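I opened this model to look up a few backbone and packing features. My entries follow in the order I made them.

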Amino acid sequence: MTCHNCQVECKKFGSNRAGHQRFRCRQCSRTFTESGPHPLGDIRLPLDRALLCLQLIVEGNSVRSTERITGVHRDTILGLLEVAGLRAERLLSERIRRDTTQRRSMLRLYKTVAFSSAKNQAVPKLRNGPW
Ligand SMILES: [Zn+2]
């Protein structure tokens, strides 16, 4: 890992509580943590609860009923929907070109997310979408 300030290679410096490797710059003594994979971006929610929230939304539940069922705050659910929608859009444009069943389900997820997170706004068009 390289120091963000000095652009010098850092030395290993133990690990944090989550078990991620820490590094310390030899020049300025700042410490950094090697970031692990973040499938949900900045949302700190266990993956199983996030998946439950998404499943409830896709099945037609409202954001507030999903909040009541799961106990996850509605703003977190909306942020989760935004992340899922953006990831779905990226996956759709990068990998899925021929399989219409998968494409339809991804499009349904994207539209659900877009309608849920941006009420009274037009659903933005997907980039490179074949529809
Ligand atoms: Zn440094």
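**Positive phi**

I began with glutamine 7, which counts as exposed because it has 9 C-beta neighbours inside 10 Å. My cut-offs: 20 or more other C-beta atoms within 10 Å of a residue's own make it buried, 12 or fewer exposed, and anything in between partly exposed, with C-beta atoms placed from the backbone. The model is a predicted one, where local features need pLDDT of at least 70, side-chain atom pairs count only at pLDDT 80 or more, and totals for chains, interfaces and linings use all residues. Residues are numbered from 1 along each chain as its sequence is written.

I looked up the phi of glutamine 7 and found a positive value near 60° in a residue other than glycine. Most residues other than glycine have a negative phi. Glutamine 7 sits in the segment before β1 (11-15). I take helices (H or I, at least four residues) and strands (E, at least two) as DSSP runs, numbered from the N terminus.

Serine 29 also came up, with a positive phi near 65°. I placed serine 29 in the loop between β2 (21-24) and β3 (31-33). Serine 29 is exposed, with 9 other C-beta atoms within 10 Å.

**Whole chain**

I counted 4 helices and 3 strands. Along the sequence they run β-β-β-α-α-α-α. Of the 131 residues, 15% count as buried.

**α1 against α2**

I checked helix α1 (residues 47-58) against helix α2 (residues 63-70): the angle is about 140°, and the axes are 10 Å apart. Axes are lines fitted to C-alpha atoms, for helices over the stretch in contact, and angles run from 0 to 180 degrees between N-to-C directions. That angle makes α1 oblique to α2 (under 35 degrees is roughly parallel, over 145 roughly antiparallel, 65 to 115 roughly perpendicular, the rest oblique).

Which residues meet? From α1 I listed Arg49, Leu52, Cys53, Leu56 and Ile57; from α2, Thr66, Ile69 and Thr70. Contact here means C-beta atoms, placed from the backbone, within 7 Å. By class, the contact has 5 nonpolar, 2 polar and 1 charged residues (Ala, Val, Leu, Ile, Met, Phe, Trp, Tyr, Cys and Pro are nonpolar; Asp, Glu, Lys and Arg charged; the others, Gly among them, polar).

**α3**

Helix α3 (residues 74-94) has 21 residues and spans 30 Å from first C-alpha to last, close to the 30 Å expected at 1.5 Å a residue. The expected span is 1.5 Å times one less than the number of residues. I noted its buried residues: Ile77, Leu80, Leu81, Ala84, Gly85, Ala88, Glu89 and Leu92. An α-helix has 3.6 residues a turn, so residues three or four places apart point the same way.

Technical notes. Two residues are in contact if their C-beta atoms, placed from the backbone, lie within 7 Å.
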